[in-house]
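These are my notebook entries on one protein model. I set out what I looked up, entry by entry, with the cut-offs that I applied.

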Amino acid sequence: MAMVRDLRARCPWDRAQTRETLRPYLTEEAHELDHAIAECDPVAIRREVSDLLVHLAWQLVLAVELGEFTPNDAADDLERKMKRRHPHLFGLGPKESWEQLKHKERGAGVLEGLPPNLPDLLMAYRLQERAAAVGFDWPDTAGPIAKVREELAEVEAALEGNGEERDHEIGDLLFSVVNLARKLELQPGPALARANTRFRERFAEIERLAAARGIDVHTAGLEELDRLWEEAKTAGRRS
């Protein structure tokens, strides 16, 4: 925070920054830290944590300048919140589920209060998580698996329908797959990101194999590309 205050005093660019101008950078830094964590790269994690800390310091400095709150106010709020959400550890009451405690704090509907700009997969996951906290949930994975099959059948039935109907059914299918991931205690966003990475790597291997054999991937056709895909998958398993 001392560094940010110094920069605000001596650098025209830093002095001109506001919460609104800093928002895109804050979002970018959060995504970069998330990527570093996904890559299990401690050097990158350290670098991105420090970058994110700068932005948190910015927000605190701006709050002080605007006379809104102090860093101690924010820290006190955090300590009180963590104690409320772990009452059994601080002699404040019996243990309760995290979502139930947060619902008491919000004092609103079960699904209210989620940031509207959450990534869609994460939004689906959090909506289901909140509903599950009040008992609206299957006891095991059998229910979500059956639901995925049901929604897939509805997608197939909607193939002859209009675009709006297909959109509706595809959305329901994706939502049900997210629910299955939740019951398996998997985050759907990172799972999809890993699938994207595998697809990129395998398709790059298809292109490498094709180039080595003088095959043009643009004209090879599905049958030939599928053979190369299976070969790429086998190579990936070996490595």
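**Entry 1. Terms and conventions.** I class a residue as buried under 20% relative accessible area, as exposed over 50% and as partly exposed in between, with a 1.4 Å probe and protein chains only. By that rule E32 is partly exposed, with a relative accessible area of 30%. I note that this is a predicted model, in which local features need pLDDT of at least 70 and side-chain atom pairs count only at pLDDT 80 or more, while totals for chains, interfaces and linings use all residues. Residues are numbered from 1 along each chain as its sequence is written, and side-chain values use heavy atoms, with hydrogens and water left out.

**Entry 2. Overall build.** I took helices (H or I, at least four residues) and strands (E, at least two) as DSSP runs, numbered from the N terminus. The protein comes to 11 helices and zero strands. Along the principal axes, the C-alpha atoms fill a box of roughly 65 × 50 × 40 Å. Of the 239 residues, 23% count as buried.

**Entry 3. The largest pocket.** I searched on a 1 Å grid over the protein atoms alone; a pocket is an open set of points where a 1.4 Å probe fits, with protein on both sides within 12 Å along at least five of seven lines, and lining residues have an atom within 4 Å of a point. Grid points are joined across faces, edges and corners, and a volume is the space filled by probe spheres set on the points. The largest pocket has a volume of about 940 Å³. I found 23 residues in its lining, with A30, H31, D34, P119 and L122 nearest its centre. Two or more lining residues come from each of α3 (19–38), α7 (120–133) and α10 (188–212). The largest share, nine residues, belongs to α3. For classes I counted Ala, Val, Leu, Ile, Met, Phe, Trp, Tyr, Cys and Pro as nonpolar, Asp, Glu, Lys and Arg as charged, and the others, Gly among them, as polar. The lining of the largest pocket then has 12 nonpolar, seven polar and four charged residues.

**Entry 4. The second largest pocket.** This pocket holds about 280 Å³ of space. I found 14 lining residues, of which Q128, F136, W138, F175 and N179 are the closest to its centre. The elements giving two or more residues to this lining are α7, α8 (142–157) and α9 (163–183). The most, five residues, come from α9. By class, I recorded six nonpolar, three polar and five charged residues here. E32 has its place in helix α3.

**Entry 5. Aromatic pairs.** I paired rings of Phe, Tyr and Trp (its six-membered ring) if their centres lie within 6.5 Å; planes under 30 degrees apart count as stacked, over 60 as edge-to-face and the rest as tilted. The count comes to three aromatic pairs. F199 and F203 have ring centres 5.9 Å apart and planes at 20 degrees, so this pair is stacked. These two residues are four apart in helix α10, and are thus separated by about one helical turn. F199 is partly exposed at 47%, and F203 is partly exposed at 33%. F199 and W229 have ring centres 5.4 Å apart and planes at 45 degrees, so that pair is tilted. F199 lies in α10 and W229 in α11 (residues 222–238), so the pair ties together parts 30 residues apart in sequence. W229 is buried, at 19%. Ring pairs link F199, F203 and W229 into a cluster.

Entry 6. I took a disulfide as a pair of cysteine sulfur atoms within 2.5 Å. The whole structure has zero disulfides. C11 counts as partly exposed at 24%, whereas C40 is exposed at 64%. I located C40 in the loop between α3 and α4 (42–65). Its phi is near 55 degrees, a positive value in a residue other than glycine. E185, in the loop between α9 and α10, has a phi near 60 degrees, which is again positive in a residue other than glycine. E185 is exposed, with a relative accessible area of 72%.
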